[in-house]
Amino acid sequence: MTEDRSSYRPTAKWLHWLVVLLVATQFSISFLMPDIGRNTVPGTLINLHLSFGIVILAVMAVRLVYRLGHPVPLDAADAPKWERALARATHWIFYAILLVGPFLGWASASSHRLPVVVFGMIPLPALAAPGARWANQAGDVHAFGMWVLLALVGLHAAAALYHHLVRHDDTLRRMLPAGR
Ligand code: HEM
Ligand code: HEM
């Protein structure tokens, strides 16, 4: 039972901050990598993007399984109902984008003839035929979805800091390494 816990479990914290690190790295790569078009030759940054994307997908799959087995209805009874609903919705949207989004990018990579070989070691199959229209469109949805993710992360982080600095409650502390 987790109802009376006042902090996230260590595994949940590890997974949370690992994903933050990976997603921050991935956005840095996304900003720097060249646009992917019909004749793009995969260079280091593009290969890193595909590889980190697959790693994020794998970690998020582990995290989802963990999360479903360890619900975290932490007590925040003093927060307004709408705020708790918004936080909960944001959390599930993160799972959705980070679990579905990579497949859309992967399909787009395949349609652009970019092989997905995780860190040059683990080759993965193509998800779409070269030039497949649906997969090119999936790439547009992928990029859009990831910008939505970035905006929501901004909101999520601002909310965490607001709770910590203005409300002076335990919201942020319970996700920090030694926090309670
Ligand atoms: C969750 C992890 C991921 C994040 C945060 C992410 C983020 C992004 C962003 C922000 C862009 C737009 C870049 C720009 O327009 O300058 C993009 C494009 C792209 N990403 Fe990802 N990505 C992720 C995972 C993946 C994976 C797993 C693959 C493939 C295996 C992939 C393949 C692509 C491709 C092919 C594009 C170009 C799409 C197009 O313009 O059609 N991404 N990604
Ligand atoms: C890539 C960026 C991020 C993602 C994808 C993300 C995702 C999540 C998710 C899914 C949860 C729900 C708990 C769980 O299922 O493990 C959560 C909780 C939390 N996150 Fe993040 N997060 C990100 C960045 C941040 C940042 C930058 C901060 C702090 C400035 C932060 C602070 C928190 C806090 C305090 C909680 C607990 C909230 C509560 O108990 O209501 N997160 N995050």
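Colleague: Before we start, which pLDDT do local features need here?

Modeller: Residues are numbered from 1 along each chain as its sequence is written, while chains are lettered from A and ligands numbered from 1 in the order in which they are written. This is a predicted model, where totals for chains, interfaces and linings use all residues, side-chain atom pairs count only at pLDDT 80 or more, and local features need pLDDT of at least 70.

Colleague: What does the C-alpha trace span along its principal axes, and what percentage of the residues is buried?

Modeller: The C-alpha trace spans about 55 × 25 × 25 Å along those axes. For burial, count the other C-beta atoms, placed from the backbone, within 10 Å of a residue's own: 20 or more is buried, 12 or fewer is exposed, and in between is partly exposed. Of the 180 residues in the protein, the buried share is 17%.

Colleague: Which helix gives the most residues to the shell around ligand 1?

Modeller: A residue belongs to that shell if its C-beta atom, placed from the backbone, lies within 6 Å of the ligand. Ligand 1 is surrounded by 25 residues, with Gly53, Pro102, Gly105, Gly139 and Met146 the closest. Helices H1 (10-32), H2 (44-69), H3 (81-111) and H4 (133-167) each put in at least two. The one that gives the most, with seven residues, is H3.

Colleague: How do the residues around ligand 1 divide into nonpolar, polar and charged?

Modeller: Ala, Val, Leu, Ile, Met, Phe, Trp, Tyr, Cys and Pro count as nonpolar, Asp, Glu, Lys and Arg as charged, and the others, Gly among them, as polar. By that sorting, the shell around ligand 1 comes to 14 nonpolar, ten polar and one charged.

Colleague: And ligand 2: which elements give two or more residues to its shell?

Modeller: Around ligand 2 there are 20 residues, the closest being Val23, His91, Ala157, Ala160 and Met175. The elements giving two or more of them are H1, H3 and H4. As for type, the shell has 15 nonpolar residues, four polar and one charged.

Colleague: Back to Gly53: is glycine 53 buried or exposed?

Modeller: Glycine 53 sits in helix H2. Contact here means C-beta atoms, placed from the backbone, within 7 Å, and beyond four places in sequence glycine 53 touches Gln26, Pro102 and Gly105. Because it has 25 C-beta neighbours inside 10 Å, glycine 53 counts as buried.

Colleague: How far apart in space are glycine 53 and glycine 105?

Modeller: They are 52 residues apart in sequence. From C-alpha to C-alpha, the gap in space is 8.5 Å.

Colleague: What does H4 reach from its first C-alpha to its last, and which helix do its buried residues pack against?

Modeller: The expected span is 1.5 Å times one less than the number of residues. H4 has 35 residues and reaches 49 Å, close to the 51 Å expected. Its buried residues, among them Ala135, Gly139 and Met146, pack against H3.

Colleague: Where is phenylalanine 119 found, and is it buried or exposed?

Modeller: Phenylalanine 119 is in the loop between strand S1 (117-118) and strand S2 (122-123). Its phi is near 45°, a positive value in a residue other than glycine. Most residues other than glycine have a negative phi. Since phenylalanine 119 has 12 other C-beta atoms within 10 Å, it is exposed.

Definitions and conventions:
Helix = DSSP H or I, 4+ residues; strand = E, 2+ residues; numbered from the N terminus. Contact = placed C-beta atoms within 7 Å.
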